[in-house]
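This report goes through selected local features of one protein model. Please keep the sequence and the coordinates at hand while reading.

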Amino acid sequence: MLALKVLLFIRLCATRRFALCPGYCPEIFDGFLCWGDTEPGTIANQSCPNNMKAHFAFKECWPNGSWFTNAANITWTDYQHCTKTSDEVLEFYRCINFLYIIGYSISSIALLASLVIFLSFRTLRCTRIKIHVQLFSSFLTNNVLSIIWYTEIVTKVAVTTENPFWCKLLHVAKEYFMVANYIWMFCEALHLYIALELVFLNEEKTMKWFYVLGWGVPFLIVFVHNMVRVFHSKDTERCLMQEDSFSAWFISVPVVLSLGCSMVFLVDILRVLLTIRNPSSQNPAPDGIRKAVRAAFILTPLFGLQFILIPVKPDSQHPLYATHQYFSMIIIAYQGLCCAALFCFANHEVHQSMKRSFQRKLNFHNTRSTNFPTVDSNGAIGANGHNCTAIPLLAMRKGSAQIEI
């Protein structure tokens, strides 16, 4: 019986599963990996944690049966081989940053061209176009500030370490125009909803309220958010890039609420498209579905609803993290380009305004005849008129017999 106990004891020690093996370094968990009992004078190794399993971590057991400690007398595990992928990780983030800069630059060019077009023609001065101008302006400013942020802050460790005042100011400015961007997208949805529900609307007074909502509310949100950061969380280091989760709620909740309201407005718009039939169509139901799908596709980038596709960012060690980063880059950086293409470059009213302007230049000798106001089939005033079709996708309101998309 005694011999059997001795053999069992030796077997347990050989498999390093028994913490009372004489002279062995005891089992320990270092926060990443669990290390079993290790023979003195040896170096144990395991595959690196998470997605770095192609490399190995090492832990030294001293001859006296204790684990290696560093100069600070802290039990230490050698994970430096696990960081061999750090160059790959750094290159990945450099690639993502570069792609963001490219996307923001392309979108900025498209947005700038759109703003020039919108502001160049008197026939494009209705409330809807004015809201487009404010939205595109917030897009453009946010894009430019983001380009500066990625080139002058993110890629320069010395700047984030020194944490100068100008980099924190740049972060706050970028944050303000980012929030303004979301609020103006909400204004786009709200205006379309109001235009559908109300037949008579004072456009001038409505636009004043939109200015207050689009530029004033973001100021209050950003001000409160940063006051919480400064006086409560006190996380003002590294150019405000690292933030406490508590203070983050003060900016994330208003943004999520604005997107939620925009989603509700979109659902109501689609309901109108599906319930109002087109009498000229032989198949009114399929025709309504087609228009609803088209409207949802076109209005999604204008309302910013594509952001619901990236609600949660996976952990950096998750296999889908890289895919999420690339997908987010496309959605965020190219949203301005998408809106500019859909609501300016592909806008029928813009085409008509440019066509009339070109015709006037060719027929400048017949100014009176070419500048005489005309009315198209949708009731939009052409030439010298200062009104454009209230809604390009919904030419007729809710009570009308026909909705044109």
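The model is predicted, so local features need pLDDT of at least 70 and side-chain atom pairs count only at pLDDT 80 or more, while totals for chains, interfaces and linings use all residues. Residues are numbered from 1 along each chain as its sequence is written, and side-chain values use heavy atoms, with hydrogens and water left out.

## Disulfides

The structure holds 2 disulfides, a disulfide being a pair of cysteine sulfur atoms within 2.5 Å. Helices (H or I, at least four residues) and strands (E, at least two) are DSSP runs, numbered from the N terminus.

| Disulfide | S to S distance | S-S torsion | Hand |
|---|---|---|---|
| Cys25 and Cys61 | 1.9 Å | about 95° | right-handed |
| Cys167 and Cys239 | 2.1 Å | about -100° | left-handed |

In the pair of Cys25 and Cys61, the sulfur atoms are 1.9 Å apart. This pair links distant parts of the chain: Cys25 is in the loop between α1 (2-14) and β1 (28-29), and Cys61 is in strand β4 (residues 56-61), 36 residues apart. Burial is judged by relative accessible area: buried means under 20%, exposed over 50%, and partly exposed in between (1.4 Å probe, protein chains only). Cys25 is buried at 0%, and Cys61 is buried at 1%.

The disulfide of Cys167 and Cys239 has an S to S distance of 2.1 Å. It also links distant parts of the chain, with Cys167 in helix α5 and Cys239 in the loop between α6 and α7, 72 residues apart. Cys167 has a relative accessible area of 0% and is therefore buried. Cys239 likewise counts as buried, because its relative accessibility is 0%.

Cys34 counts as partly exposed at 41% relative accessibility, and Cys95 counts as partly exposed at 30%.

## Strand β4

Strand β4, which holds Cys61, pairs with strand β3 (residues 42-47) in the antiparallel sense over 6 bridges. Two strands pair if DSSP finds at least two bridges between them. Asn45 has Phe58 of β4 as its bridge partner. The covered face of β4 consists of Ala57, Lys59 and Cys61, while Phe56, Phe58 and Glu60 make up the uncovered one.

A kink of about 30° lies at Gly216 in α6, shortly before the proline Pro218. The bend at a residue is the angle between axes fitted to the seven residues ending there and the seven starting there.

The buried residues of α6 include Phe210, Gly214, Pro218, Ile221, His225 and Arg229. An α-helix has 3.6 residues a turn, so residues three or four places apart point the same way. The buried residues of α6 pack against α3, α5 (165-197) and α7 (245-275).

Just after α6, Lys234 takes a positive phi of about 55°. Arg238 lies in the loop between α6 and α7 and has a positive phi of about 55° although it is not a glycine. Arg238 is partly exposed, with a relative accessible area of 33%.

## Other residues

Asn163 is not a glycine, yet has a positive phi of about 55°. Its place is the loop between α4 (157-162) and α5, and Asn163 counts as buried at 10% relative accessibility.

Ser146 is found in helix α3 (residues 127-154) and is buried, with a relative accessible area of 4%. A polar atom of the Ser146 side chain lies 2.7 Å from the backbone oxygen of Asn142. Not counting residues up to four places away in sequence, Ser146 touches Tyr104 and Lys174, where contact means heavy atoms within 4.5 Å.

Pro314 is in the loop between α8 (284-303) and α9 (321-333). Leaving aside neighbours within four places in sequence, Pro314 is in contact with Leu320, Tyr321 and His324. The C-alpha atoms of Pro314 and His324 are separated by 7.5 Å, with the two residues 10 apart along the chain.

Key. Polar contact = N/O pair within 3.5 Å; in protein donor to acceptor, adjacent residues only side chain to side chain.
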